[in-house]
Amino acid sequence: MSSSHAILKAKCHPSVVGTPQTIDENTPNLYRPLTIRSVTLRNRICVSPMCLYSTASSGPLQGVVTPLYITTIGHNVFKGAALAMIEATGVQPNGRISPHCPGLWNDRQQHALKSLADFIHSQGGLCGVQLSHAGRKASTLPPLAAARLGKSSARANLEDGGWPADVVAPSGGLSWDNKGGDDPSGGYHVPREMTKQEIKELVSNYATAAERAVNAGVDVVEIHAAHGYLIHQFLSPLTNRRTDEYGGGFENRVRLLLEVTRAVRAVIPAGMPVFVRISVTDWMEDTNIGKELGSWNVESTVRLAKMLPDLGVDLLDVSSGGNHHQARFNVFDGGDKHTAIARRIKQSLIAGDQNLLVGTVGMITEPGQARDLVQSDQQGEPGVDIISLGRQFLHEPNWVLKAAAELGVDVVWPAQIERIRPTSASRI
């Protein structure tokens, strides 16, 4: 091999894009690698799962991710993000949020996911998939379609590719917006209560989807237990009115998540990380219904978090909201509250000698803010281990590179665009 060819090959190899040229005592944790089991994140900046609502709603390509995912999620990895998490991916057909959401229950879906994972790996990044079931928030139209109807949410009916008769929840008769099926203003279907046999099948389907993720070359599996989707619905007494072993007290309400976690951990390699995304609170503590029925809150999350390491969970992904239309904050506007909560959870885990990483998401936009989140604060309280960006990557796909410049960290750029590398952050 000629020396010029060797230099070109070294410069074009993407595995270090977004990492410092050198690491010393001044390098912020944000740009230091993090090893979790057998995988290593090249920095602490991840792409949060963001619904694109862009797969086919029917036919042989139903739920199959398309090349669009390479141009969106993959582009962020090309520019230095460490881990790209693919949006809520249904483990069952009726577990999708909308008819246009991805799934992972058949071979075509697995093969398409492999193509996406292969591209992400070719750019030196890691690929994650968020396994999900939407529960009573399933069978809705994509937000853009709902907006055209003048609604924030709209039901997907049979003619839309939806499944109104197969929307399930821990308890029946409780639509997300508390509107009956005959109310045309309703944005969600009224669910039926899951049987115990259906719960057993669901746990098995999570495990099968995790096996498919492994076969597709995915590096990280995340269990979606947040944002008012099915597992969150089981966790919260607001939405779980069952009287069997899956309802009632805390131990019963967390049972489904624990069973899913054990089933997933049992079928994936020992070196593969498992994340759990959680809504740390329903934001319903101060409402009349919250006071009457109880709700999922930070104390519940701390209690659950301490149980997860023994189940083989590696990271708790902190978010909030989404389980009730009267909540003080929704999924999108509670993000600035996550930092303090995530630090509190991290401190509780350390105090209990629990080995569980903590990540957070929501309204992380500024480089200094991100740097400080992954460092101990002035009082010595530990920072989180990773951060995830969603909307900010939509605004700025080059955020990893821009943030490094603003923080004075000399990181490796992709060779293909290094010619536009600025001399100051203001020129990015």
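In this predicted model, strand E10 (residues 315-319) is mostly covered, with 5 of its 5 residues buried.

E10 has parallel partners in E9 and E11. With strand E9 (residues 274-279), the pairing runs over 5 bridges in the parallel sense, and Ile 278 sits opposite Val 318 of E10. Strand E11 (residues 357-361) also runs parallel to E10, joined to it by 4 bridges; here Leu 315 faces Leu 357. To get from E10 to E11, the chain passes through helix H11 (residues 338-351), making a right-handed β-α-β crossover.

Turning to the aromatics, the structure holds 4 aromatic pairs. One of them brings together Phe 250 and Trp 296, whose ring centres are 5.9 Å apart with planes at 10 degrees, so this pair is stacked. Phe 250 belongs to helix H7 (residues 250-253) and Trp 296 to the loop between helix H9 (288-293) and helix H10 (298-305), so the contact ties together parts 46 residues apart in sequence. Phe 250 counts as buried at 7% relative accessibility, and Trp 296 does too, at 0%.

Another pair, Trp 283 with Phe 329, is edge-to-face, at 4.9 Å centre to centre and 75 degrees between the planes. Trp 283 comes from the loop between E9 and H9 and Phe 329 from the loop between E10 and H11, so distant parts of the chain, 46 residues apart, are linked. Both Trp 283 and Phe 329 are buried. Elsewhere, Lys 137 lies over the face of Tyr 229, 4.9 Å from the ring centre.

Conventions. Residues numbered from 1 in each chain as written. Predicted model: local features only at pLDDT ≥ 70, side-chain atom pairs only at ≥ 80, totals over all residues. Heavy atoms only, no water. Buried < 20%, exposed > 50% of the residue type's maximum accessible area, 1.4 Å probe, protein only. Helix = DSSP H or I, 4+ residues; strand = E, 2+ residues; numbered from the N terminus. Pairing = 2+ DSSP bridges. Right-handed = clockwise from strand over helix to strand, strands pointing away. Phe/Tyr/Trp six-rings, centres within 6.5 Å; stacked < 30°, edge-to-face > 60°. Lys NZ or Arg CZ within 6 Å of the ring centre and 35° of its normal.
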